[in-house]
Amino acid sequence: MGKVQTAGSVLDCYTQLCRSVRLQKKDLIFPIFVSEQRGGFSLSERNGIGMPSLAKIAPKDVIQHVQKIVDQGISSVIIFGIPNKRDVSASSALYSDGVVQNSTRKIKKEFEGLVNIITDVCICQYNLSGHCGLQTRSHKGTGRIIDNDSTLALLSKIATSYAESGADFVAPSSMMDGQVIQIRSALDSRGFKDTKIMAFSAKHASSLYSPFRMTAYTKHINNYYTIIDKSSYQVGYANPRQAIREIQADIQEGADMIVIKPSLAYLDMVSMIRDSIDFPLVVQNVSGEYAMIKAAARNGWIDEEEWKVNSIVAMKRAGAHGIISYFTMDIAKYLDD
Ligand code: PBG
Ligand code: ZN
């Protein structure tokens, strides 16, 4: 295959005044992985996929890392923690000196007023199963099922602990029913009325989360990261009505922002929600979407710069107010404000 034709006008046009869709740095949220594990490099790099934005940051490097983000003019980060230790009950998610708690305190102290700190609230990086809920034996005795209600109490404690550490937003991503209302009331009763909730409301079950799992999960479950089936609690791609109900429920339960993920294949949902519900809406451009662009570009099949900008702007065009993307830093250099 010859050299890829660049649609040069896509980047040029973007800087022209004639555009009606205008992406700004404030729209972008950069994910950061902080890892207590030794080594500090990502599994995806080890496997030769080489995705720097998915690399793990050591706790001691957090400030330096966020400084680079702030220097680029980006004002929001979402923290994903990778703890040293996993157990059945995900207890390391609750440690007051846990990986997310420590990172949040450091960032807050150094960058107060400059960075919105969003913390992902889930247990799958902290437990042994890699599932987003606690498990219990099914009544039929045939295996294990996700125990929605016992998980809610744990998620509330984790969210409260993150709020205590200084998170501006907590972002429940486990898709347990009732997680928003439970977390809201836990936060309110502990005096964290100002801590906001960014709810991952319509998180579709997808193999596009694989690179994230390769990065965030330990060796322990790495062998079956690709086959872990979360479809009993994540939304199906052919069930838009359920996704809409999840979003409506989260808004009623007190969410301050809602998230739809993945992004590109769900822009019809974004547009529909934006038109029908006037509410702060975020999309997450997930790890597999990032990986596909990287892989195709590496093979010389597409122009990475052109398509990065084009696809992120499409999310804004569809109606997203905010965009969580591993491309945040790459895109920021094209934006003047
Ligand atoms: C887990 C979680 C996942 C992602 C964010 N939080 C993976 C999963 O549900 O298994 C995926 C993000 C990405 O792929 O970029 N709660
Ligand atoms: Zn999870």
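Along the chain, the donors of the zinc ion, ligand 2, follow the spacing C-x1-C-x7-C, where donors are N, O and S atoms within 2.8 Å of the metal (3.2 Å for Na, K and Ca). Please note that this is a predicted model, in which local features need pLDDT of at least 70 and side-chain atom pairs pLDDT 80 or more, while totals for chains, interfaces and linings use all residues. Residues are numbered from 1 along each chain as its sequence is written, chains are lettered from A and ligands numbered from 1 in the order in which they are written, and side-chain values use heavy atoms, without hydrogens and water.

The SG atoms of Cys122, Cys124 and Cys132 coordinate this zinc ion at 2.2 to 2.3 Å. Why is the arrangement tetrahedral? The four donor atoms subtend angles of 98 to 118°, and four donors count as tetrahedral if all angles lie between 85 and 135 degrees. For four tetrahedral donors, the ideal angle is 109.5 degrees. Both Cys124 and Cys132 are buried, that is, under 20% relative accessible area with a 1.4 Å probe, protein chains only.

I turn now to ligand 1. Surrounding ligand 1 are 18 residues, the closest being Lys203, Arg213, Lys230, Ser287 and Tyr326; the criterion is a heavy atom within 4 Å. An oxygen atom of ligand 1 is 2.6 Å from a side-chain N or O atom of Arg213. Another entry concerns Gln234, with a polar side-chain atom 2.9 Å from an oxygen atom of ligand 1. The protein buries 100% of the 410 Å² that ligand 1 exposes when taken alone, by the Shrake-Rupley method with a 1.4 Å probe.

Note on methods: Four donors count as tetrahedral if all angles lie between 85 and 135 degrees; four count as square planar and six as octahedral if opposite donors are over 155 degrees apart and all others between 65 and 115; anything else is irregular. Buried means under 20% relative accessible area, exposed over 50%, partly exposed in between (1.4 Å probe, protein chains only). A polar contact is a pair of N or O atoms within 3.5 Å; within protein, one must be able to donate a hydrogen and the other to accept it, and residues adjacent in sequence count only if both atoms are side-chain atoms.
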